[in-house]
Amino acid sequence: MPKFTPKQRAYIRKRSKEKHLDPSEVVGELNIVPFLDIVVNLIMFLLATTEAVLLISQIESDLPKIAKGRSSGADVSTPLNLNVTVTDSGVIVSGSGGKLAKGCTAVETGRELTVPKKGAKYDWTGLTECVSRVKQQYNDEHSVTVSADPQVQYEHVVAAMDAVRNRGKDPLFPDVMISVGVR
Amino acid sequence: MTEPVEKQATIGDCKRVIRRIIGKREAPEELGLNIYPMMDMMTILLVFLIMSFASGAADVVQSEELQIPTSTSQVEAAEALGIVISSSEIVVEGKRVLALRNGKVDPSLKQGGGNGWLITPLFNNLKQHRDRLKTIASKNPQRAFRGEVRLVADKRTPFRTLGEVIYSLGQAEFGALRFIVLREGGEG
């Protein structure tokens, strides 16, 4: 072992001393953990609200076109002109021939409704059945006009549109128009 | 006999000793998990979600006054002029146009009073939107004016009120109605 002079010892002590850097000297990394927390929370929130958005769809419906002069030829050629009117006590299905009776096979003139309510609820399955019977006779027809009494709630109008648009996966009258005229 | 003479340490000996002391110390620990890739992924997800929100039908928010009916329709909701009919007000493109009383329009706001169909403030507002959309259409043929309207209505709205709104829409040349509904089974 060589002999160290006091000067050399001091040198060794100085050089081998553990360095504690001043915080300002440390190469700092940004603490991104709080930022990450915010992002994770935002994603959770967005995902939770997206679920409701994804379940929204639309029903396409046009206003009936007003025929002008001779151009009304297209309307005249329409033999059916199917109308579905939702009233307080049931649904009336009518065509250019008149109002359909219960069962939807014959035309009648009385005050009876085509598809009356079942208890307090509308019989939408009955309406679909009725309209599909009409469809069998008029296979080329695709349009239907839906209307309702002033006090009937919007949800029943939507349900009526659903009932006449298709039966399961078979389309019945997919072109739904909405008429606001008073019956 | 002479005692062995201790050799005087050189600068090389000093450095060797220093190296030995430093080498004995433990290597500093690796600090924490690297979360930068995770942050990248999260940021991309966030941007994607915000983008899909911006283009989707995100402005449909249900409340006590606005309950959307359910339907079997599977058609994706598309972008169009937004009209909201809640039980207390009618809103066009996020701007309240008139108030409703129990879901009904005040007769003084209609042309022709109680029996009238045209809601004057709504019609005036819709005319402005129609003119705006037609101006856009004239400048940009890809955005032709088709008179499309996204109608979000409370399911308890009486058909009379709905009819008056639709009539006003028709008068303002908005004839393509898109009723916004909840897909069946989506209410729960």
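Guide: A residue counts as buried if 20 or more other C-beta atoms lie within 10 Å of its own. Keep in mind that this is a predicted model.

Visitor: What share of chain B is buried on that count?
Guide: Of its 188 residues, 28% are buried.

Visitor: And chain A?
Guide: In chain A, buried residues make up 24% of 183.

Visitor: How far can I trust chain A?
Guide: Its mean pLDDT is 80, and 83% of its residues reach 70 or more.

Visitor: Which elements of chain A have the lowest and highest mean pLDDT?
Guide: Helix α3(A), residues 73–77, has the lowest, at 48. Helix α5(A) has the highest, at 90.

Visitor: Where does pLDDT stay under 50 in chain A?
Guide: Over residues 70–76 of chain A. The model has two contacts beyond four places in sequence for that stretch. Where pLDDT is low, predicted coordinates should not be read in detail.

Visitor: OK, the interface. How many residues are in contact across it?
Guide: 39 residues of chain A are in contact with 55 of chain B. On the chain A side, the elements giving two or more residues are α1 (6–16), α2 (33–54), β1 (56–62) and α5 (154–165).

Visitor: Which one gives the most?
Guide: α2(A), with eight residues.

Visitor: Nonpolar, polar or charged: how does that side divide?
Guide: On the side of chain A that touches chain B, 24 residues are nonpolar, eight are polar and seven are charged.

Visitor: Which strand of chain B pairs with β1(A)?
Guide: β7(B), residues 176–183. The two strands run antiparallel, over seven bridges.

Visitor: Now the packing. How many residues are in the largest nonpolar core?
Guide: That core has 62 residues. Those with the most contacts inside it are Val91(A), Val146(A), Val157(A), Ala160(A), Val164(A) and Val165(B). In soluble globular proteins, nonpolar side chains tend to be buried together.

Visitor: Which element gives the largest share of the core?
Guide: α5(A), with eight residues.

Visitor: Zoom in on Val164(A). What is it in contact with, leaving aside its neighbours within four places?
Guide: Val84(A), Leu127(A), Val131(A), Val144(A), Val146(A), Leu172(A), Phe173(A) and Val176(A). Two of these partners, Leu127(A) and Val131(A), are also among the buried residues of α4(A).

Visitor: Tell me about that helix. How long is it?
Guide: α4(A) covers residues 124–137, which is 14 residues. From first C-alpha to last, α4(A) reaches 20 Å, close to the 20 Å expected at 1.5 Å a residue.

Visitor: Which of its residues are buried, and what covers them?
Guide: The buried residues of α4(A) are Gly126(A), Leu127(A), Cys130(A), Val131(A), Val134(A) and Lys135(A). Their cover includes β3 (90–95), β6 (115–116) and α5 of chain A.

Visitor: Switch to chain B. Which residues sit on the covered and uncovered faces of β3(B)?
Guide: In β3(B), residues 89–92, Ile90(B) and Val92(B) form the covered face. Glu89(B) and Val91(B) form the uncovered one. In a regular strand, side chains alternate between the two faces of the sheet.

Visitor: What are its strand partners?
Guide: β2(B), residues 81–85, runs antiparallel to β3(B) over three bridges. Val84(B) stands opposite Val91(B) there. A hairpin of three residues links β2(B) to β3(B). β4(B), residues 95–101, is also antiparallel to β3(B), with four bridges. Ile90(B) has Leu98(B) as its bridge partner in β4(B).

Visitor: Which residue takes a positive phi in the hairpin of β3(B) and β4(B)?
Guide: Glu93(B), near 50°. That hairpin has two residues between its strands.

Visitor: Last one: Asp131(B). Buried or exposed, and why?
Guide: Asp131(B) is exposed, because it has 12 other C-beta atoms within 10 Å, and the cut-off for exposed is 12 or fewer. Asp131(B) lies in helix α3(B), residues 120–139.

Visitor: How far is it from Ala77(B)?
Guide: Asp131(B) and Ala77(B) are 24 Å apart, C-alpha to C-alpha, and 54 residues apart in sequence.

Methods:
Residues numbered from 1 in each chain as written. Chains lettered and ligands numbered in written order. Contact = placed C-beta atoms within 7 Å. Nonpolar A, V, L, I, M, F, W, Y, C, P; charged D, E, K, R; others polar. Pairing = 2+ DSSP bridges. Core = buried A, V, L, I, M, F, W, Y, C linked by C-beta atoms within 7 Å. Expected span 1.5 Å × (residues − 1). pLDDT = per-residue confidence, 0-100.
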